[in-house]
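Hi,

I'm passing along a structure for you to look at. My notes follow below it.

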Amino acid sequence: MKTKKRILLVNPTIPSESIELPFLYLLLKSYYRENGANFDSWDWLPPLEDISFFGFHDLIKHIVSIQPDVIGFSCLIWNRQLNFDLAKEVKKRLPGVLIAFGGPDLTVHENENWFIENSFVDIVCQYPGRGEEFFTSLLDQIAEDKISPEKIPYSLYLDSKDRKIKKSLVEKKTVFNWPENIFNEAKDFDIDLQKIYKKSSYLATNWETTRGCPYRCTYCEWGGGTNTKVLTKPDHIIKNELDYIDAMGINEVRITDANFGIFKERDLNIIKQLVEISKKGNLKQIYLFGKSKNNWDVNEEIDTLLIEAGLTERDSYHLAINGTNDRILSAIKRKNIPLDVLLTKALQIKNKYNLRLKFEIVLGLPESNLKSFYDELCLLDRVDDWTTERYAWSLLPGTPASEPSYIEQYKIKTSQIRFHVGGDLRAQVYNKGETHLLTNLVHQSQYAIVTSTASYSQQDWAEMYFMDHLTRAMELSGFFTEIRKHVQKQFSISAADFYKFVWKSLDYLPDEPAKLIESVKEQIFLVIAGKSKNQFSYFDNPFVPSMTIKLEAYFNMFYFLYHRELMQCLGQVLPGECHDFINTLSLKHSTIFKDKNVRELFELATQPFLNKVAFLTQPKTCLQI
């Protein structure tokens with residue numbers, strides 16, 4: 001009997017407390033089963049996604065021990081460098097293994113020496129490209145011992161004769177052979193073992209009902225491609241997969257469509273079926289990665305169904321607007337529902353269901369500037385919610401914004417940063433003192449964020465980044481809310497102008513508080529210079545030096561300790577009639593904070609979305625330390 005060849009998929013994912021179905025594995029294996037000519041020639045090894053249990057050398061030993069013939073690495077921002085490091089070491093120990101790379105975070109098209117510099121990689125699936133078709137052709141060729149990379153759809157490879165990168169010619173297709181039910185392949189995924197390892201029974205999965213996106217927002221990369229025909233999964237396959245979601249008792253479904261709701265009645269019907277499944281008790285949450293861009297009515301109906309069924313985040317309503325004026329939207333080729341319409345409708349939902357309203361806004365888009373940044377504070381004031389955190393614009397490979405002509409048009413400058421996974425993750429089994437491989441600086445990916453364009457300087461970007469976090473901290477904690485509203489009412493000063501005064505007041509800080517604020521500014525410029533030693537969005541922590549700290553928590557702690565000095569500085573820049581109110585507020589906060597030690601204050605400072613003034617004035621307050 002002929003020995004089967006072995007295929008291993010490596011896709012290190014950001015850890016979560018839930019058990020995650022291996023979505024990439026399900027896609028590729030189900031597609032190959034139905035479309036490949038040699039499925040029985042292959043043994044699909046359990047994929048490597050959650051690697052929390054491995055140190056680096058243990059992971060290498062594991063891969064080598066299972067002796068794969070083909071390894072497919074999926075590269076995204078958070079795992080690209082780790083994938084390169086793993087592939088390089090595995091190739092040394094298994095020189096005969098074929099290593100294929102894919103995913104959006106590769107720069108093969110930008111570097112003619114890419115394969116020479118990364119000689120451990122044999123072939124790449126170009127982005128955007130259908131990984132299912134690429135892998136099916138590749139595995140069939142290997143099984144038949146007839147490898148012709150030029151005949152593999154979406155392949156990039158190094159020509160053995162002229163040593164230049166070549167790509168296969170692929171006929172543009174508007175049809176995709178959707179597998180009948182990707183979840184059938186989950187039977188080989190040991191969920192019970194995962195429950196033991198993770199000490200959890202919460203089961204989550206990604207799920208797609210369409211692929212592709214008709215828009216071409218310049219900052220965006222999306223699986224299946226942008227500016228493409230949207231391919232819809234047939235209704236009978238949707239039903240098959242919904243039956244599986246029901247039968248397996250999946251607790252969380254993340255719909256990865258770029259524009260869910262674009263097919264109106266079809267998409268509403270899918271949500272209604274998910275709501276019916278949830279009534280049985282297992283399905284707890286539905287997350288939509290992308291909503292229809294310009295049809296509020298269908299979005300409202302879908303959101304209402306999910307909210308009333310308790311299937312959304314319990315306290316937040318999210319709206320993706322990205323750019324906040326017509327010049328920005330035109331520059332990024334983004335089509336939005338008019339902002340006034342969006343706000344009016346969103347406020348109705350916010351008020352009806354008592355939710356936070358959280359916008360998705362990108363910091364530093366072309367045609368944005370300090371004025372547009374501060375104007376956005378008026379938007380947050382208008383909806384009376386400051387939960388929004390702007391996302392620093394990352395210049396991703398394969399996006400229209402990464403094209404040289406676009407970079408030149410908008411004079412884009414970037415800075416290299418370390419991707420942050422979020423927190424102090426630790427390996428759980430072999431080396432408990434070792435940081436998780438995705439947070440280990442040795443294997444941590446770097447990527448480019450935009451820190452200057454024709455419309456703003458790097459100095460402007462530093463101010464926007466600083467003030468984004470300061471305003472959020474001061475408003476969510478309740479520290480500046482009273483004084484801001486007082487100034488607005490008494491002097492008709494907008495939220496934008498109030499926080500311009502706040503920025504100016506920082507120049508008057510004395511001694512120790514001035515040093516702490518200056519340290520933050522210096523670290524932001526280290527980020528801009530690409531010299532920061534920390535993960536992005538984390539800063540040196542003067543309050544607990546053994547760990548880094550996020551800026552909101554930093555500013556909360558700063559206010560606890562130096563609110564008198566900060567209020568005094570505000571008094572120097574605000575109208576003189578504010579002084580009595582400022583002094584009263586400063587005395588009030590001094591009274592609230594005075595009985596708390598530094599450790600208690602630090603615990604409180606790091607709690608997100610909490611009005612700390614209100615919390616500390618509640619009767620019989622007890623901090624959970």
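This is a predicted model: local features need pLDDT of at least 70, side-chain atom pairs count only at pLDDT 80 or more; totals for chains, interfaces and linings use all residues.

How are H14 and H16 oriented to each other, roughly parallel or roughly perpendicular? Helix H14 (residues 458-476) and helix H16 (residues 495-505) have axes that come within 11 Å and cross at roughly 110°, and they are therefore roughly perpendicular to each other (65 to 115 degrees counts as such). Axes here are lines fitted to C-alpha atoms, for helices over the stretch in contact, with angles from 0 to 180 degrees between N-to-C directions.

Residues are numbered from 1 along each chain as its sequence is written, and side-chain values use heavy atoms, leaving out hydrogens and water.

Helices (H or I, at least four residues) and strands (E, at least two) are DSSP runs, numbered from the N terminus. An open, mixed sheet of 7 strands runs E3-E1-E4-E5-E6-E7-E8; strands pair if DSSP finds at least two bridges between them. Its edges are E3 (42-44) and E8 (165-167).

Do look at helix H18 (residues 551-573) too: a kink of about 90° is centred on Tyr-562 (the angle between axes fitted to the seven residues ending there and the seven starting there). Of its 23 residues, 18 are buried, meaning under 20% relative accessible area with a 1.4 Å probe, protein chains only.

Best wishes

How values were computed
Buried means under 20% relative accessible area, exposed over 50%, partly exposed in between (1.4 Å probe, protein chains only). Angles under 35 degrees count as roughly parallel, over 145 as roughly antiparallel, 65 to 115 as roughly perpendicular and the rest as oblique.
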